[in-house]
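Keep the structure open while reading.

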Amino acid sequence: MKKIFAIIALCFIAATCLFACDKPTQKTEDNQYEIKVDYSEEKLSCEQKITVINTYKEGIEEYVFLLSPNAYAEGAVSKANVKKLPSYGSITISEVKLNGENAEFSVDEDGYYMSVKTTPQALEAKSEIEMKYEVVLPECNLRLGKSKGYINVSNFYPQLAVYGEEGFRKDRFFYIGDPILSDIADFSVTINLPEALVVACPGEVTENISDGVKTITAKCDDFRDFAFVANENYTVKTLEADGVTIKYYSINGNDYTTLAADVIKTFSEAYCNYPYGNYVIAETSFSPDGMEFSGLSFVADDTDNATQTIIHETVHQWFYNVVGSDNIESPYLDEGLTTFMTEYYYVLCDEKEKFDEGMKKISDAYFSYERLQKMRGDKGDLSINKSIYDYSEYGYSMLVYYKTAMMFNNLYETAGKERFDKAIKNYVEDNYMKRADIDSLTASFGRAMKCDVKGLIDGWCGGSVTTAKFS
């Protein structure tokens, strides 16, 4: 009998290990977006219904929505663009209804937020907010816009603002970092556009063509955002791997599906299963090298570092998407960790020499920046624990990406691979489809390392001119 019980116990342990990285089986009900998009050459004509569940405050009397396309307006106070654009963008709301009745709404002076009034809502009460709006697409190679035949459509819809300690947050747009904070929601999207356009779209997608109009429908559960890209000349490479359909869109036949599949498999096995059945990567005209969205990544068509960009943006599917964080007030929690984990991917693949080379480039670049600050006599803040609004572009790259990556490398060297992997797994499991903060990161690492790591992390997060060193 002892042998039988021992065998049963071993089987149970093996099963537990096998499914340890599966996503939770119990799903809480999320806010739901239903969006219909009719695309013409210069604009999007949209209808939207969002079912909002009041998880925020007893008696709440308004819901606040972010109007990101107005950051592309010519006179925008908080601009998405640095340079002058050939043409500008905007969003105009023509109608708002609350539970089927015309609703009182107002847009702030800068055009960046819309408030919809409601009768006091009980906790867990549902409201259906319907809108009609028009988005003018700017000419630019940014998150939203047209450039070189590409149509980038992201952050285009009125998005419910994140609720903070003082109510719905009204963060302003910024051209540095990621200035849009998102919580998990479910999306059902219908896109009508000319038949000639090929659309790179995440989620469970169906496509129909009638009378020269292509209709795309996408169902996307547990997404932080919804975005898509279109181009007449796209070709798509497809790979089915480990239950995930990976699609790579480009106009020149590039194919990085194998690389993306390997990253997904590696991180799924190490930390948590990739949460969707599809993953889409689209080359496009884009000013940065890449950008992450739920189930979708942009990759600049002219990047000279496609491999690292694809790894980085795919890793963001875990650190931004599965585990959210405050990418406005604490941008290092996803960008710095993702930068390190992009290099750490090679450790997980038993290619530590590549990891060492990558970390050396990062540390060399950062120490050059730190020396420059000292040579200038600049006692400027070298802290990484600050908002995106407090950075220059150069400082953002060096501190948020590189200094933070060095912090995680220090944690890895201190803990060793086994405990470091356990710490990251703790962090993912503790914050699955939620928003993490520095306290939850510290707690996850402390449990795995069996010690208080707060002092170590605080040392790196601080603003000392000489980077913290720990043995």
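The crossing of H4 and H6 is right-handed (left-handed if the near helix is turned anticlockwise from the far one by less than a right angle, right-handed if clockwise). This is a predicted model, in which local features need pLDDT of at least 70, side-chain atom pairs count only at pLDDT 80 or more, and totals for chains, interfaces and linings use all residues. Residues are numbered from 1 along each chain as its sequence is written, and side-chain values use heavy atoms, with hydrogens and water left out.

**Helix packing**

- Helix H4 covers residues 332-348 and helix H6 covers residues 393-415. Helices are DSSP runs of H or I with at least four residues, strands are runs of E with at least two, and both are numbered from the N terminus.
- The two helices pack at an angle of about 55°, with their axes 8 Å apart. Axes are lines fitted to C-alpha atoms, for helices over the stretch in contact, and angles run from 0 to 180 degrees between N-to-C directions.
- H4 and H6 are therefore oblique to each other (under 35 degrees is roughly parallel, over 145 roughly antiparallel, 65 to 115 roughly perpendicular, the rest oblique).
- The H4 side of the contact includes Tyr332, Leu337, Phe340 and Tyr344, and the H6 side includes Tyr396, Val400, Ala405 and Phe408. Contact means heavy atoms within 4.5 Å.
- The residues of this contact divide into 12 nonpolar, 4 polar and 1 charged. Ala, Val, Leu, Ile, Met, Phe, Trp, Tyr, Cys and Pro count as nonpolar, Asp, Glu, Lys and Arg as charged, and the others, Gly among them, as polar.

**Four-stranded sheet**

- An open sheet runs in the order S6-S7-S3-S11, with antiparallel pairing. Two strands pair if DSSP finds at least two bridges between them.
- S6 and S11 (159-160) are the edge strands, and each pairs on one side only.
- S3 (residues 60-66) and S7 (residues 113-121) are joined by 6 bridges. Val64 stands opposite Ser115 in S7.
- S6 (residues 105-107) pairs with S7 over 3 bridges. Phe105 faces Val116, and Val107 has Met114 as its bridge partner.
- S6 and S7 form a hairpin with 5 residues between them. In the turn, Gly111 has a positive phi of about 75°.

**Eight-stranded sheet**

- A second open sheet has the order S5-S4-S8-S2-S1-S14-S17-S16, and its pairing is mixed.
- Its edge strands are S5 (101-102) and S16 (204-210).
- S1 (residues 31-39) and S2 (residues 43-53) run antiparallel, joined by 8 bridges. Ile35 stands opposite Gln48 in S2.
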